[in-house]
Amino acid sequence: MHRIWPPEESGPVDEQYVERLYRYPDDHPKWLAVNFVCSADGAVEIAGRSAGLTNPADQQVYRLGGDLADVRLVGAGTAMIEEFRGIRPTESTVRQRRRHGLADVPPVAVVTSGRSLPPDAPVITDVLTPTIVITCAAAREELREAWTAAGASVLVAGTDTVDLAAAVDGLVECGLSRIHCDGGPQVFGAALTAGLVDELRLTMSPLLVCGPAERIAIGMRIDPSALELASVLAEDNTLMLRYLVKR
């Protein structure tokens, strides 16, 4: 893997360098990094899933983002389509997390209004650390009770829809301030609308897909958010970009 931006730091990099590059800053009370892979023409899925876009280079930085986070945030639709389960770190990952002062196993936090997350979803039942279900007060009481009975912790944020800003505040209050967001596009859009995104970690896969695939963010129109290019890594014709959101 090579670093090609900034140019004064270009050249081959090792795993330790990439780890330093993708660690979360210590001088912020909260940091939300959104992670996506897309094709060169902007598609975020092939046949409904992102698996056709990813490759070993993308997987290396993607895993690192989650391995160095307190919590992984994901929309229920993405969790179901991508067949999310709880995090099961390797022994080396546990040692890595301990070096950074992190719990051995991070929880997954799933955002849902209640319609797309059954209580027997693997992201709730196949876990080592209880999943956090982020929902709104309008979600049926019996469904919230079923999530709890299945082992999840339920965080209510918002009345008729999920208030993502309140949800993130709730995660931070639980000591989960380094947030790795897996999307999907609607969660990313909601996070942008709420001004929650600190960093975009975007892998550009060397593919052209065309078709009706979604973009990485969907939601209300916002004033464009300016980005600062922080780093670019390259491997196997793939670009791994990190952008910081300008405040």
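Start by selecting strand β9, residues 199-205: six of its seven residues are buried, so the strand is largely enclosed by the rest of the structure. Buried here means under 20% relative accessible area, exposed means over 50%, and partly exposed is in between, with a 1.4 Å probe and protein chains only. Strands (E, at least two residues) and helices (H or I, at least four) are DSSP runs, numbered from the N terminus.

This is a predicted model, in which local features need pLDDT of at least 70 and side-chain atom pairs count only at pLDDT 80 or more, while totals for chains, interfaces and linings use all residues. Residues are numbered from 1 along each chain as its sequence is written, and side-chain values use heavy atoms, with hydrogens and water left out.

Two strands pair if DSSP finds at least two bridges between them. Look for A33, which stands opposite E199 of β9.

**The whole sheet**

Now show the strands together. They form an open sheet of eleven strands with mixed pairing, in the order β2-β1-β10-β11-β9-β3-β8-β4-β5-β6-β7. At the edges are β2 (11-12) and β7 (153-156), each with a single partner strand, so one side of each has no neighbour in the sheet. Helix α6, residues 141-149, packs on the sheet and touches β6 and β7; the direction of α6 makes about 145° with that of β7. Such angles run from 0 to 180 degrees between N-to-C directions, and axes are lines fitted to C-alpha atoms, for helices over the stretch in contact. Contact means heavy atoms within 4.5 Å.

Select strand β8, residues 178-181, with β4: the two run parallel and are joined by three bridges. V71 stands opposite I179 of β8. Move on to β4 (residues 71-75) and β5, a parallel pair with four bridges. Here G75 stands opposite V111 of β5.

Which residues of β5 (residues 108-111) cover its two faces? V108 and V110 lie on one side and A109 and V111 on the other, and all are buried. β5 also pairs with strand β6, residues 132-135, in the parallel sense over three bridges. In β6, I134 is the bridge partner of V111.

**Helices α2 and α4**

Select helix α2 (residues 56-67) and helix α4 (residues 91-99), which pack at an angle of about 55° with their axes 10 Å apart. α2 and α4 are therefore oblique to each other. Angles under 35 degrees count as roughly parallel, over 145 as roughly antiparallel, 65 to 115 as roughly perpendicular, and the rest as oblique. In this contact L64, G66 and D67 of α2 meet T93, Q96 and R97 of α4.

Zoom in on R97, which lies in helix α4. R97 is buried, with a relative accessible area of 1%. Not counting residues up to four places away in sequence, R97 touches G66, D67, L68, A69, L102, A103, D104, V105 and P106. R97 and A69 are 28 residues apart in sequence and 8.6 Å apart in space, C-alpha to C-alpha.

**Domains**

Finally, colour domain 1 (1-25 + 36-69 + 197-246) and domain 2 (71-89 + 99-176); these bounds come from an automatic or database domain assignment. Their C-alpha centres lie 24 Å apart. Ten residues of domain 1 are in contact with ten residues of domain 2.
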